[in-house]
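Subject: Structure handover and findings

Hello,

Please find the structure below. My notes on it follow, grouped by topic.

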Amino acid sequence: MTSRSALTAWLAGLEAPQLVRALTLRKDASAPPEPRSLDELAERLLRPGSVALALPQLPLPCLQVAETLAALGTPMSRGALAKALGATAPTAARELDAVLETLADHALVWPDGDGRLRMATPLRQAWEAPLGLDAPLEELLEGLISEELRGMLVALGVKPPGTRQQRTAAVLHHHGDPERIASVVAKAPSSARKLLEHRARSAPRHTEFIVFGAPEPDSRPGERWALDRGLLIRNRHGYGPARMPVEVALALRGPDWHAPFEPVPPAAEMVSVAAAEVERESAAAATGFAAHAAAVLSVCSSTPPARLKSGGVGARELGRISKAAQADDAVVRIVLEAAYSVGLMAADGPRVAPTEKYDAWAAQEPATQFAVLLQAWWNLALTPSQSRDEDDRALPALAGAPPCDGCLQARRGLLTAAARLPEGLGARVATDLGPLVAWHRPLAHLSFQDEAPFTTAVREAELLGVIARGSLSPLGAALPAGNAEVLATECRRLLPKATGTARLGSDLTAVVSGTPAASLAELLDATADRETRGTASVWRFSAGSIRRALDAGRAPDEVSAELAVIAEGPLPQPLSYLIADAARRHGRVRVAPAACVIHGDEPSLLAELAAHRGLSPLGLRQLAPTVLVGTGTPDQTLAALRDQGYAPVAEAPDGTVRVERVPPRRATAVPAPRKPSVKTGGRLATHKAAEVSGGIDSHAVASRLLAAPPSLPDPDPFGAGGPFGTDTEEIVAWYAKQLTYADVRQLGHALDAGTAIAIAYVSASGSRTVRTLSRLELDPPYLEAWCHLREAERVFTLSRVHSVMPTDMPEARSEW
């Protein structure tokens, strides 16, 4: 029975709710929401992409059972699986049944009509070498010819039958008995026995580079003995490493070996914690985060952060926002990433600015604001507070990193682990939840900056009040359900409402307890300077802050009236005096824009100019009986006045009359062209005889002209006298300003020939390293390559490459 038909038969026996669960746990967004038949449902559940979506959601014991089935093959009886896992005791057997039920809910493993376990075919591909085991013997024997099978049987002391099929069956029969294999290995030479025992407990080796035409030699002692007896198998052409069949590896591991199975999560040190304490600490953390979030986005609204050329908001802008909002770097990063993901912020040319959606968000209550950001954080496919990469370089925020499902699963696993803690207990230290996260979500990603497992994820959850006192808070309990209304209700219950009043003191301060309402914060920000933020915010009034409010168009009476509305009592007398004094001094001196000034001794004449219709384009305005200002330049004003019949004169900046004498125009003398100097290396030069007065040998000049190249190549910018050899060198030289001409030529040759090189590289943090690179690709101003120091693809900025050196790495040559 095929995997699809077995799954269809199993699905036919399920109830409707179980069918819906099997579908929703591994939903395929590209397929119709409802399958038309059981065959279609089975086909969708067996897709490799569907299996890949299901695995990251599973805890460690489910992955261990699935890996065991993938290694040993299915169909398999439940008893054989329990024996392989060492789960034959009653307690372990019940735990195994629970794991199999979970796998069946995800339609990954299911029983067939005979009660044997089957698994989805793509599940085998999830592990390159499940349990460190290679392929089964039958699969490895497919590439061998009949004569090689005959040699194996002779070496094993078995009389070989006649046909290839019979010989294959004989080898399978012999190696199917673990005791028989152990007996053969016990008689092996010491070198062969050590080799086989080591290979049985290590993962199979895989090679990426194969030199065709050169079979791999039997370099290790004892390998030839094992190959002759089928304990190790290499393909018929001798390519690649020798592979150990599953049956041989299991026989050598012995009857006491069991596949790993950890059905119980690791223990963490617990302390008693009351639900009221958890709620109180969660509410305090959420209230503080909501206040900081409003401050961060307010700072971004007044001065939108600039984006780096490579994308994202850099460390300098993050530091500015953090200082202005009085918030930690982690809080700033979380707020920016969450706000950007829900459309509160968007890219605006070279900056990231709040959108119109932000204005509506800012006018809401803190609980509603926080609920939006909390839901956004829960769905972020990245770790927003991660500030350093694996090379310890600073990471920008909003850099547009590719989605990281492992980062999302770390968050999911943390809340799952906290939800499974006994009631009334919490972890003594919140970071002790990290091993529990690793058990609930083994495929979750660790952050590069984590000193202990999942420290960053735990810290983020504490900042948002999702985890408090090492336990799951009501906010954290409401998140996994995905119900926005339930989450908003819980936020409104825990977070206090915004404060609409302030205590105005005689020391010219305004103190607001809790989170100020948007209108209150806007008024105080316009009339005072904010000094502190947090559970209590403080503003201070000054002559400068009141003048700022008057400059914005507020009248003195309006300022007093608005402050009286938000004050918990009457306005302090010092504040009233400050407003009155600022109003009295405000506007005593005025500054008007003007491109030119017209003045004279006759007020009637200047009044006539100001009222003249023909001069209206100049925008003349009378400031005094004898002074006009205009928007036109002095030259434009002079021309317009003269066109209307007036006779103005121009003044110099020092007040003297400017003489408008036009100097006569003269041609600029052009110096005689210099004679080219004599150069070596094929450059055309004027013959020495041409510099001597007298006759010129026309035949010699013609011969030199005919011998010259048709066009001169552009010289290199380094002054070495030679041209660029290729376009690649010219591009590299333009961006890699730190390299010498020799280094440019060497890097250009490596790019064109596909060879490996070594570079001296200075990172953005200032650290200097020497990297060996291969698989080079030029993407100006960047160089993409495989870094052998980090064993990963890396992108290097050409301007940070300081030197280039050759390297002897024939195996690192590009495959193209």
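A salt bridge here is a side-chain nitrogen of Lys or Arg within 4 Å of a carboxyl oxygen of Asp or Glu. The model is predicted, so local features need pLDDT of at least 70 and side-chain atom pairs count only at pLDDT 80 or more, whereas totals for chains, interfaces and linings use all residues. Residues are numbered from 1 along each chain as its sequence is written, and side-chain values use heavy atoms, with hydrogens and water left out.

Salt bridges

The whole structure holds 23 salt bridges. One of them pairs Arg150 with Glu147, at 3.9 Å from N to O. Both residues belong to helix α9 (residues 146-156), where a spacing of three residues separates them by about one helical turn. Helices (H or I, at least four residues) and strands (E, at least two) are DSSP runs, numbered from the N terminus. Arg150 is partly exposed, at 35% relative accessible area. For these classes, buried means under 20% relative accessible area, exposed over 50%, and partly exposed in between (1.4 Å probe, protein chains only).

Arg333 and Asp329 form another salt bridge, with their closest N and O atoms 2.8 Å apart. They sit four residues apart in helix α17 (residues 329-341), about one turn of the helix. Are the two partners buried or partly exposed? Arg333 is buried at 3% relative accessibility, while Asp329 is partly exposed at 31%.

Asp525 and Arg530 also meet in a salt bridge, at 3.5 Å from N to O. Asp525 is partly exposed with 32% relative accessibility, and Arg530 is partly exposed with 24%.

Cysteines

How many disulfides does the rule give? With a disulfide taken as a pair of cysteine sulfur atoms within 2.5 Å, the count is one. The bond is between Cys404 and Cys407, whose sulfur atoms are 2.5 Å apart. The torsion about their S-S bond is about 80°, so this disulfide is right-handed. Cys404 is buried, with a relative accessible area of 14%, and Cys407 is buried at 13%.

Asp779 lies in strand β17 (residues 768-779) and is partly exposed, at 40% relative accessible area. Together with Glu777, Glu784 and Glu793, Asp779 forms a negative surface patch. Patches are made of residues with over 30% relative accessible area and no salt bridge; like charges are joined within 9 Å, and nonpolar side chains (Val, Leu, Ile, Met, Phe, Trp, Tyr) within 5 Å. Asp and Glu count as negative and Lys and Arg as positive, with His and the chain ends not counted.

Arg775 is in strand β17 as well. This residue has a positive phi of about 55° although it is not a glycine, and its relative accessible area of 26% makes it partly exposed. Pro780 and Pro781 are joined by a cis peptide bond, with omega about 5°. Pro781 is in the loop between β17 and β18 (782-787).

One further backbone point

Leu398 is not a glycine, yet has a positive phi of about 55°. Leu398 is located in the loop between α19 (366-378) and α20 (405-419) and is buried, at 13% relative accessible area.

Regards

Terms used
Accessible areas come from the Shrake-Rupley method with a 1.4 Å probe; for residues, only the protein chains shown count as cover. The place of a charge is taken as NZ of Lys, CZ of Arg, CG of Asp or CD of Glu.
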